[in-house]
Amino acid sequence: MITAADVRAVAMSLPRTSEHLIHDHVKFRVGKIVYVAISPDESTMGFGFPKEERAALIAAEPDKFAMPRLSDQRFHWVHARMAALSREEMRELVTDAWRMVIPKKIAAAHLDRQV
């Protein structure tokens with residue numbers, strides 16, 4: 001099981017990320033764009049994810065992934081049950097969500113240094 005501290009460690013290692021507490025949700029964003037959010041009870045992690053791939057992700061692992069609430073379905077967003085995620089999965093989901101909101105040049109430079 002992953003924790004908010006695990007998510008924070010990954011998110012805060014990514015360039016231009018800032019952490020905010022909004023309505024008891026911990027949110028990580030670049031500028032004004034949120035790419036990861038953790039529920040107040042730390043049971044759910046919402047993250048940026050391409051809308052066109054969302055249904056397939058959820059269908060493949062419905063015990064792990066879920067649609068966001070109806071009002072958020074217009075956004076590129078998916079929810080994951082934190083207890084069901086491995087650290088490696090979480091790292092990949094957070095990094096991919098960050099890549100959706102950061103300029104490609106910055107993402108490429110950061111990820112090249114990680115290899």
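"Buried" here means under 20% relative accessible area, "exposed" over 50%, and "partly exposed" in between (1.4 Å probe, protein chains only). With that in hand, here are my notes.

1. Ground rules. This is a predicted model, where local features need pLDDT of at least 70, side-chain atom pairs count only at pLDDT 80 or more, and totals for chains, interfaces and linings use all residues. Residues are numbered from 1 along each chain as its sequence is written, and side-chain values use heavy atoms, with hydrogens and water left out.

2. Helix 1, the inward side. Helices (H or I, at least four residues) and strands (E, at least two) are DSSP runs, numbered from the N terminus. Helix 1 spans residues 4-12, and its buried residues are A4, D6, V7, V10 and A11. They sit on the same side of the helix because they cover an arc of only 160° around the axis (the arc being that of the directions from the helix axis to the C-beta atoms). As background, an α-helix has 3.6 residues a turn, so residues three or four places apart point the same way.

3. What helix 1 packs on. Its buried residues pack against strand 1 (17-22), strand 2, strand 3, strand 4 and helix 3 (87-101); contact means heavy atoms within 4.5 Å. On the helix 3 side, D6, V7, V10 and A11 meet R87, M90, R91, V94 and T95.

4. How do the axes of helix 1 and helix 3 cross? They come within 10 Å and cross at roughly 45°, with axes being lines fitted to C-alpha atoms, for helices over the stretch in contact, and angles running from 0 to 180 degrees between N-to-C directions. The two helices are therefore oblique to each other: angles under 35 degrees count as roughly parallel, over 145 as roughly antiparallel, 65 to 115 as roughly perpendicular and the rest as oblique.

5. Six strands make an open sheet in the order 1-2-3-4-6-5, with antiparallel pairing. Strand 1 and strand 5 (65-66) are at the edges with a single partner strand each, so one side of each has no neighbour in the sheet. Pairing requires that DSSP finds at least two bridges between two strands.

6. Walking across from strand 1. Six bridges tie strand 1 to strand 2, and L21 is opposite V26 in strand 2. V26 in turn stands opposite I38 in strand 3, where five bridges join strand 2 (residues 25-30) to strand 3 (residues 33-38). I38 also faces M45 in strand 4; strand 3 and strand 4 (residues 44-48) share three bridges. Further along, strand 4 and strand 6 (residues 77-81) pair over five bridges, with F47 opposite V78.

7. The turns. Strand 3 and strand 4 have five residues between them, and E42 takes a positive phi near 60°.

8. Around W77. Y35 lies in strand 3 and counts as buried, at 0% relative accessibility. Y35 and W77 are 42 residues apart in sequence, but 8.5 Å apart in space, C-alpha to C-alpha. D72, in the loop between strand 5 and strand 6, is buried too, with a relative accessible area of 18%. Leaving out residues up to four places away in sequence, D72 touches R54 and W77.
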